[in-house]
Amino acid sequence: MAATKDLESPHNSGGEEQQPAAAAPSTSKKRKSVITEIEVDLTQPEPPSKKARRLLRKGKTVPKKPSSDVESGDDNEDKEKPAEKAKKKERSPYGVWIGNIRFTVTKTELRKWIVDNSGGSITDDLITRVHMPVTKLPTGGDKKAQPPNRGFAYVDFATLEANVACMALSETEWYKRKVLIKDNKSFEGRPKKEEVEAKAAEDEAAAKAEGKQLSTKIFVGNLAFTTTDDDLWAHFEKCGTIRWVKVATFEDTGKCKGYGWVNFEEAEAAAWAVKGFVKVRETIDTLEDFMEEPAAAEEDATAAQPKDSDADSDDSEAKDAKSKPKPKPKTAKKPAADGEVRIKTRKWWVNQLLGRNLKIELAEDDQSRYVKRFKKGGSKNKAAAEKAGNGDATDAAEKPARVEVKREKYKKPYVVASDISVARLTGAPVDFQGKKTSFE
């Protein structure tokens, strides 16, 4: 501070206040930390974003951005949405099912056809809903193409009168098809599941009563090319006892052609295989099953220990037994409440092998296929036909046995030459003279 005072000029010593000197211009290269404010005119339109500019360059329209008023009212709309959804879910109790429709018909055409053919009793306002299921287009096709419908539709009406008027249009021709219309709650003509199962059981019982035996051989298709006979045997072993397994293979590579056959001992096993699953009975393991094993191991260990004949060892064991608490007697395994082992039944699926869905069908027996192909039912095949039980044994017994007649082949006579010179000229055979000529 003293050095600065010495440098002061004598003019400033009279008590006058010193004026601050002008700041020298800064030569620093650092950026100034002063932030310049940007003026934004809210009255001007918002400039387009990068995405909007890309769309404009491609000649596409820019989607409208929601305003602030709409954004502020989103909360109120979210509150009203559940109520609106509930209203939409409430369908009209009056509706019809329309079938046998042409596959190119659209919802608009169906609605217009109903209104035009109702005679004024049905208006466009009375139709509350039109549902027309469509089929999926194949992948790689034209995306703009309209998918065809599945041939039927559901139409709901606001009043019962409109519903009845629409059902009156049933059997009306439209696009050269007679349209079928009925109430959507009516299931007349559809077979019940219980009736179908009962009919199948009756048919099976009738077949057994008549003595017709079901086939024990099945055809298995859609096999992988790496499938072997052992794979097919192990896969269908759960269904029942197998007689033989045959996988069709290529002659050059030996790989599977994609199909094969499995022959079972019983027809019931083949029937389970065709269904795609078999019911397997398994025992349920309980806690006692796992607790009994260590107890049996301890008993075996104590029995295996050698007996010591010394008296001292006996006395020491007696003392240890007195000091230690006596173990509780081990109880045997308690059976189930009903006195039997608990068993559960579960499904063992056989409809897939090596990641492929199998095509399983009943195949004809060897004998019935032979008779069907060659139309033969003589005494030679009578025993096999009776064993197969396919009803061909009676036909085989009625037909007489075929008698094979051996026919001698026609032999053309030949001329024998008496002279060797003639035989050489004509090529005719020489008569046998009882001599053997050998050439060196």
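Glu265 and Arg243 form a salt bridge, with their closest N and O atoms 3.3 Å apart; the term covers a side-chain nitrogen of Lys or Arg within 4 Å of a carboxyl oxygen of Asp or Glu. The two link distant parts of the chain, 22 residues apart: Glu265 is in the loop between β8 (256–264) and α9 (267–275), and Arg243 is in strand β7 (residues 242–249). Helices (H or I, at least four residues) and strands (E, at least two) are DSSP runs, numbered from the N terminus.

This is a predicted model, where local features need pLDDT of at least 70, side-chain atom pairs count only at pLDDT 80 or more, and totals for chains, interfaces and linings use all residues. Residues are numbered from 1 along each chain as its sequence is written, and side-chain values use heavy atoms, with hydrogens and water left out.

The structure holds 7 salt bridges, including these:

| Pair | Closest N to O |
|---|---|
| Asp156 – Arg91 | 3.0 Å |
| Glu265 – Arg243 | 3.3 Å |

Let's look at burial, where buried means under 20% relative accessible area, exposed over 50% and partly exposed in between (1.4 Å probe, protein chains only). Asp156 is buried at 0%, while Arg91 is partly exposed at 45%. Shared partners join Arg91, Arg129 and Asp156 into one salt-bridge network.

Now for the charges over rings (NZ of Lys or CZ of Arg within 6 Å of the ring centre and within 35 degrees of the ring normal). Arg177 places its charged end over the ring of Phe103, 5.4 Å from the centre, and Lys275 lies over the face of Trp272, 4.4 Å from the ring centre.
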